[in-house]
Amino acid sequence: MSKKPNLSAVKTAVHKEKFKHGSLAVVFTVVFIAVIIVINVLVSALTTRFPSMNFDLTKEGLNTLSDEATDVAKEIVNETTIYIIGSEDAIRGDEVYSNYSLKYSQVANLADRLHELNDKIKVEYIDPDMNPQFISDYAGDSLTTGKVMVKTDKRHKTLAVTDLFSIQQDSSTGQYNYYSKVDGALANALYLVNLDTVPVVAFATGHSEAITTSTSTSFTGLLNDNNFEVKEFNMLTDEIPEDASIVVLGMPTTDYTSDELSKLEAYLGDEKMASSRTLYVMTAPNAGWSSMPNLSSFLAEWGMEPQSQEVLESNTNNTLYNMPYAIFANVTDSVLSKTYDNVVKVQAAPVKRLFTANNDISTYSVIETSDTAYLSNDEKVLETPETDTYTILAFAQRYMDNQGKICANVVVDGCAADFYDGSSLLGNSTFGNKDVTLDLIKNLTGTTDTRVGLTVNQTQTNTMDINASSAVTWSIGMMLFTIVVPVAVLVIGLVIFLRRRHL
């Protein structure tokens, strides 16, 4: 015969203080752990949907969009896709170009924030190994891991890693510094692919030009960064591109034929042009204009004559590092109204203005020397040379409509050295050359009142307060909140439970 349970004893045990407190501790611990897990799940979901909830732990705010990029993103009205080439895990884990110490996850982080601002902007990852068809569809863009392609139905733009990041060596210390251009590069690409029309700068070839798209990547890079499309054509065999806003003659060394000059005349004289057009001629000392009478005569009709001498400076206060051929030049207010500091012209040739006005053509001096400059010659320069003010960049203009909004322009720039890849003047923010060049190009294309592009600024990335990659910081966060904290709470709960059992 079985023994009946002693219900009175069970009831007494349940109501003991030890059992009551111990049970509450266990319940509290379980509930707290459950709450922590739920919070982690919710936070993970929210940060995936709203990337701006992720804290930017970098000193320079590398994972935060600039105000300009934010404005661009909000204005996008067309379906736009940012294709990031590579495995998403590798991109977010900073595995791409890790041997160059680049924080490539910034591309993914900023792309996420652009998508968050505007659902017209989509982000997709294209793994070349998993989607070779996509890569072959854009064979001309040579899409490899690390590149980014931004695309609309109008056009697409591909960004190489050098468009997104740069590595520079400090000449004094030898240390390598790493810079990010991701914010401006992505914003510019978004803006470019959504434009109805894009200003085109076309480089003419066929006359052994010293300045071409391949020898002037600093200049063409500046144009691309500011949403100008760069083309190249052969003046001898091709027609001038119909959409060219500017045609560049990058220091030709052989003369033009009458047929080629007719092309230039037709290009500049088209009375049905919808916007201003410009012929931009680059030259330098000893450029050989005496052997180019046809092109020289053409420029003379526009009131300008390139000279063969070099402009030197007698006042060392007006030179860079006391070098007489590196001159601090002045930007007049005849065309550009802003003030520019530290505009340096190296190995420049003067441009003679043959008239200030002739019929419907007017000429202007845009960049000139101080009045202490002088010209070199084959003979030994005297101790007291004859000084004067010389024009380095001259500008001729003819109005093509009654409102003065559409113009035919000819520019003769005596400092071709600005545009060589070996020159650092266009890429160094210490000098005003970049701003002057860009503002002049915008003025010539009539885009001064609209945003042609954002200025792509560099932000140094190897001065971060937190040097862990995004993958590492994410792992630490996951370990802290999903393992360390719950385990700590469990241990504390057990300790309290065991201590109270012995009360």
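Helix 9 passes helix 12 in a right-handed crossing, that is, with the near helix turned clockwise from the far one by less than a right angle. The model is a predicted one, so local features need pLDDT of at least 70 and side-chain atom pairs pLDDT 80 or more, while totals for chains, interfaces and linings use all residues. Residues are numbered from 1 along each chain as its sequence is written, and side-chain values rest on heavy atoms, without hydrogens or water.

The axes of helix 9 (residues 217-225) and helix 12 (residues 433-444) cross at roughly 55° and come within 11 Å. That puts helix 9 oblique to helix 12 (under 35 degrees would be roughly parallel, over 145 roughly antiparallel, 65 to 115 roughly perpendicular, and the rest is oblique). In this pairing, F219, L222 and L223 of helix 9 meet K434, T437 and I441 of helix 12, contact being heavy atoms within 4.5 Å. Sorted by class, the contact has four nonpolar, one polar and one charged residues.

On to the rings, which pair if their centres lie within 6.5 Å (planes under 30 degrees apart are stacked, over 60 edge-to-face, the rest tilted). The count comes to nine aromatic pairs. Y97 and Y104 make a tilted pair, with centres 6.4 Å apart and planes at 35°. Y104 is buried at 0% relative accessibility (buried is under 20%, exposed over 50%, partly exposed in between, with a 1.4 Å probe and protein chains only), whereas Y97 is partly exposed at 26%. Ring pairs link Y97, Y100, Y104 and F165 into a cluster.

Methods. Axes fitted to C-alpha atoms, helices over the stretch in contact; angles between N-to-C directions. Helix = DSSP H or I, 4+ residues; strand = E, 2+ residues; numbered from the N terminus. Nonpolar A, V, L, I, M, F, W, Y, C, P; charged D, E, K, R; others polar. Phe/Tyr/Trp six-rings, centres within 6.5 Å; stacked < 30°, edge-to-face > 60°.
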